[in-house]
Amino acid sequence: MDTSELIRTPFTSSTTADEVLRDIDLTGVRAIVTGASSGLGIETARALTASGAEVTLAVRNTTAGDAVAETIGQSTGGIRPRVVRLDLAARATVTRFVDAWRGPLHLLINNAGVVTSGLERTREGWELQFATNHLGHFALATGLHHALARGAADRDGARIVSVSSTAHMRSGIDFDDLHFERRSYDPQIAYAQSKTANSLFAVEATRLWAADGIVANAVNPGGIATGLQRNFAPEQKASLDAAEAAGVFTYKTVEQGAATSIVAAVAPEFAHSGGHYLDDAQEAYTVPNDADLAQHPHGVKEWALDPATARRLWTVSTDLLRI
């Protein structure tokens, strides 16, 4: 396959977030990191704060968020992030978060994610993984569009980072049954669908908002042992172990996992270029939808970058949130 035109950076799979940010001053940059009370979110928020950014931790559990903010403040010489409650599965809290935001926004890191071991639904009856991982972030980003446009105007661009996963290769979007009302529930397929949606969001957000100076990119942080796995059923754990044994991924540290998010957030190569899927700090190569995951662990399937599917998902998501 031809990878000559893919966007390349000087970073690798072993690069850490701090190494990406070396010599970069983010003073004056306002950033939001969702899911910043654990795992990758903590490290992403810490690294941005250490480089001078004004960071808001958007978290479900503000007690945990306050503890993280305090720890970050101690490690950065007193620069403490703000903590604001955000439950992506509860539309009211997303609305409150958006309504309370004041001023420009330069970086939106849609990092939060949930994994379930069985079928769970929101109050609206939506499947929880799709509702949290995609619809909640979709509502947040569209609600903050004007703030991002203001941020783009005063700093030559604003960026959205959408955290996806290799899991996207398991499933495209089933528009006929998004919320598993008719098909049997498979939590791994549900998670995969939500991760494909994260990538498709970046494609359409860039198409719609690039004229405002806003670009969005999706990232695969790689295999990192975080709190995300705490709800895994035995079958899910076995599948993860099998994927590791097959060489689909090797575990990274959280510092290495957060690096690809930071690349999408600050690297000059992606300053005005969006709609991409990054893996190991590089733009990933595209593979056919029937490609084998074990053979292409660093690829991205066509269904995760398809413009027509991205437009359809945007329309469907907008309609759902109007209900």
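In which strand is Ile 214 found? Ile 214 belongs to strand E6, residues 214-220. Helices (H or I, at least four residues) and strands (E, at least two) are DSSP runs, numbered from the N terminus. This is a predicted model, in which local features need pLDDT of at least 70 and side-chain atom pairs count only at pLDDT 80 or more, while totals for chains, interfaces and linings use all residues. Residues are numbered from 1 along each chain as its sequence is written, and side-chain values use heavy atoms, with hydrogens and water left out.

Start with Ile 214. Its relative accessible area is 0%, so Ile 214 is buried (under 20% relative accessible area; exposed is over 50%, partly exposed in between, with a 1.4 Å probe and protein chains only). Ala 149 is 65 residues away along the chain, yet the two C-alpha atoms are 6.7 Å apart. Contact means heavy atoms within 4.5 Å.

Ala 158, Ile 160 and Ser 162 point one way. Arg 159, Val 161 and Val 163 point the other way.

E5 has partners. Two strands pair if DSSP finds at least two bridges between them. E5 and E6 pair in the parallel sense over six bridges. Val 163 has Val 219 of E6 as its bridge partner. Strand E4, residues 107-110, also runs parallel to E5, joined by four bridges. There, Asn 110 stands opposite Ser 162.

Next comes Ser 261, in helix H9. Ser 261 is buried, with a relative accessible area of 4%. Leaving aside neighbours within four places in sequence, Ser 261 contacts Thr 44, Val 161, Val 163 and Val 219.

H2 (residues 39-50) and H9 (residues 254-266) pack at about 65°, their axes 9 Å apart. Axes are lines fitted to C-alpha atoms, for helices over the stretch in contact, and angles run from 0 to 180 degrees between N-to-C directions. H2 and H9 are therefore roughly perpendicular (65 to 115 degrees; under 35 is roughly parallel, over 145 roughly antiparallel, the rest oblique).
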